[in-house]
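This report looks at strand pairing, a surface patch and charged contacts. Please keep the sequence and the structure in view.

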Amino acid sequence: VAVGQGAAPEGDAPQAVKAAWQRLTRPRVDVLGETPDAWTIIEIRGAAGPGAIGSLITYESLWREDPPDDRPVVLWLVTDIFPDNLIRVLNEQKITLLVV
């Protein structure tokens with residue numbers, strides 16, 4: 001699922017090329033879950049760290065620019081390894097951690 005506006009195209013390319021560029025440069029959520037009560041943005045990352053947390057925060061912010069409805073958004077991080085010293089950050093950001 002693409003979120004945000006993407007990079008602004010530059011130059012004198014045809015409009016179709018500019019539109020494709022903007023579409024292709026939009027950030028993409030790994031997995032989007034939907035229930036009657038909420039949207040779930042899911043980041044899947046091996047040996048996750050601060051970058052995975054940053055990605056989730058970014059995706060949530062971009063999602064909120066143009067949400068399809070008013071259901072709340074929840075964030076999940078799915079990984080195989082996660083450092084204990086970052087658990088506090090997940091809790092502060094209300095990100096659910098799933099270690100598989």
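## Strand pairing

How many bridges join strand E3 to strand E4? The model is predicted. Five bridges join E3 (residues 73-79) to E4 (residues 95-99), and the two strands run parallel. Between them the chain passes through helix H3 (residues 87-93), and this β-α-β crossover is right-handed. Leu-75 has Ile-95 in E4 as its bridge partner.

## Nonpolar surface patch

Val-74, Trp-76 and Leu-98 make up a nonpolar patch on the surface. Together they have about 220 Å² of accessible area. Leu-98 sits in strand E4. Its relative accessibility is 32%, so Leu-98 counts as partly exposed.

## Salt bridges

The structure holds five salt bridges. One of them pairs Glu-34 with Arg-71, with the closest N and O atoms 2.8 Å apart. Glu-34 lies in strand E1 (residues 31-34) and Arg-71 in the loop between H2 and E3, so the pair ties together parts 37 residues apart in sequence. Glu-34 is exposed at 54% relative accessible area, whereas Arg-71 is buried at 17%.

Arg-71 also meets Asp-69 in a salt bridge (2.7 Å, N to O). Asp-69 is partly exposed, at 28%.

Helix H3 holds both Arg-88 and Glu-92, four residues apart, about one turn of the helix. They form a salt bridge, with the closest N and O atoms 2.7 Å apart. Arg-88 is exposed at 54% relative accessibility; Glu-92 is partly exposed at 47%. Salt bridges with shared partners join Glu-34, Asp-69 and Arg-71 into one network.

Glu-60 is in helix H2 (residues 50-65). Its relative accessible area is 18%, so Glu-60 is buried. A 2.7 Å polar contact joins its side chain to that of Arg-64.

Key
Residues are numbered from 1 along each chain as its sequence is written. This is a predicted model: local features need pLDDT of at least 70, side-chain atom pairs count only at pLDDT 80 or more; totals for chains, interfaces and linings use all residues. Side-chain values use heavy atoms; hydrogens and water are left out. Two strands pair if DSSP finds at least two bridges between them. A crossover is right-handed if, with the strands pointing away from the viewer, the path from the first strand over the helix to the second runs clockwise. Patches are made of residues with over 30% relative accessible area and no salt bridge: like charges are joined within 9 Å, nonpolar side chains (Val, Leu, Ile, Met, Phe, Trp, Tyr) within 5 Å. Accessible areas come from the Shrake-Rupley method with a 1.4 Å probe; for residues, only the protein chains shown count as cover. A salt bridge is a side-chain nitrogen of Lys or Arg within 4 Å of a carboxyl oxygen of Asp or Glu. Buried means under 20% relative accessible area, exposed over 50%, partly exposed in between (1.4 Å probe, protein chains only). A polar contact is a pair of N or O atoms within 3.5 Å; within protein, one must be able to donate a hydrogen and the other to accept it, and residues adjacent in sequence count only if both atoms are side-chain atoms.
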